[in-house]
Amino acid sequence: MRQFDQRFEDYMRGHTSEASRWMHVAGMVTAVGAAGLAGRRRRPKLLWAVPGAFFGFAWSGHFIFERNLPVGFTDPGAAFSGDLKMIFMMLSGRNAELKELVERLQRPCSPEATAQ
């Protein structure tokens with residue numbers, strides 16, 4: 001579990017902007033909606049819109065608010081699991097926890113913290 005926690009911290013270092021995190025949420029909601037629409041209308045070709053819906057929002061958040069490259073460019077596994085955890089936390093009202101995590105990750109490391 002520690003490895004997942006460490007990877008999530010690394011993932012969150014690339015998601016310091018709250019606006020960018022909400023862009024990820026908007027992308028996921030849009031993608032799920034597009035998938036539901038494709039299923040409801042029985043039009044599998046509409047499934048091509050699903051990745052575009054998610055990545056369009058998420059990557060815009062990175063390029064506009066974060067000014068960095070998405071984690072998925074270098075570590076797709078961490079990006080997938082990190083996206084799911086971050087989006088779940090935001091949708092379940094735990095955005096304050098993410099803010100605290102980001103603030104902790106942005107603090108300079110003290111020599112005492114690295115010695116432990």
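This note walks through aromatic pairs, salt bridges and a surface patch.

1. Ground rules. This is a predicted model, in which local features need pLDDT of at least 70 and side-chain atom pairs count only at pLDDT 80 or more, while totals for chains, interfaces and linings use all residues. Residues are numbered from 1 along each chain as its sequence is written, and side-chain values use heavy atoms, with hydrogens and water left out.

2. F4 and F8 are a stacked pair, at 6.5 Å centre to centre with 15° between the planes. Both sit in helix α1 (residues 2–13), four residues apart, so about one helical turn separates them. Helices here are DSSP runs (H or I, at least four residues), numbered from the N terminus.

3. Cover on F4 and F8. F8 is buried at 5% relative accessible area, whereas F4 is partly exposed at 28%. The cut-offs: buried is under 20%, exposed is over 50%, and partly exposed is in between (1.4 Å probe, protein chains only). Have a look at K85 too: it lies over the face of F8, 4.4 Å from the ring centre. For a charge to sit over a ring, NZ of Lys or CZ of Arg must be within 6 Å of the ring centre and within 35 degrees of the ring normal.

4. W59 and F73. These rings have centres 5.1 Å apart and planes at 80°, so they make an edge-to-face pair. W59 comes from helix α3 (residues 49–66) and F73 from the loop between α3 and α4 (76–91), so the contact ties together parts that are 14 residues apart in sequence. W59 is partly exposed at 33%, and F73 is partly exposed at 42%. The two also belong to one aromatic cluster with F54 and F55.

5. The nonpolar patch. Which residues make the nonpolar surface patch of about 690 Å²? They are F55, W59, F63, I64, F65, L69 and F73. Patch residues have over 30% relative accessible area and no salt bridge, with nonpolar side chains (Val, Leu, Ile, Met, Phe, Trp, Tyr) joined within 5 Å and like charges within 9 Å. The areas come from the Shrake-Rupley method with a 1.4 Å probe. F55 is found in helix α3 and is partly exposed at 36%.

6. The model has five salt bridges, each being a side-chain nitrogen of Lys or Arg within 4 Å of a carboxyl oxygen of Asp or Glu. One of them joins R104 to E9, with the closest N and O atoms 2.9 Å apart. This pair links distant parts of the chain, as R104 is in helix α5 (residues 95–106) and E9 in helix α1, 95 residues apart. E9 is buried at 13%, while R104 is partly exposed at 40%.

7. R13 pairs with D10, the closest N and O atoms being 2.7 Å apart. Both are in helix α1, three residues apart, or about one turn. R13 is partly exposed at 42%, and D10 is partly exposed at 41%. E97 and R94 also meet in a salt bridge, at 2.9 Å from N to O. E97 is partly exposed at 40%, and so is R94 at 31%.

Terms used:
Rings of Phe, Tyr and Trp (its six-membered ring) pair if their centres lie within 6.5 Å; planes under 30 degrees apart count as stacked, over 60 as edge-to-face and the rest as tilted. Helices (H or I, at least four residues) and strands (E, at least two) are DSSP runs, numbered from the N terminus.
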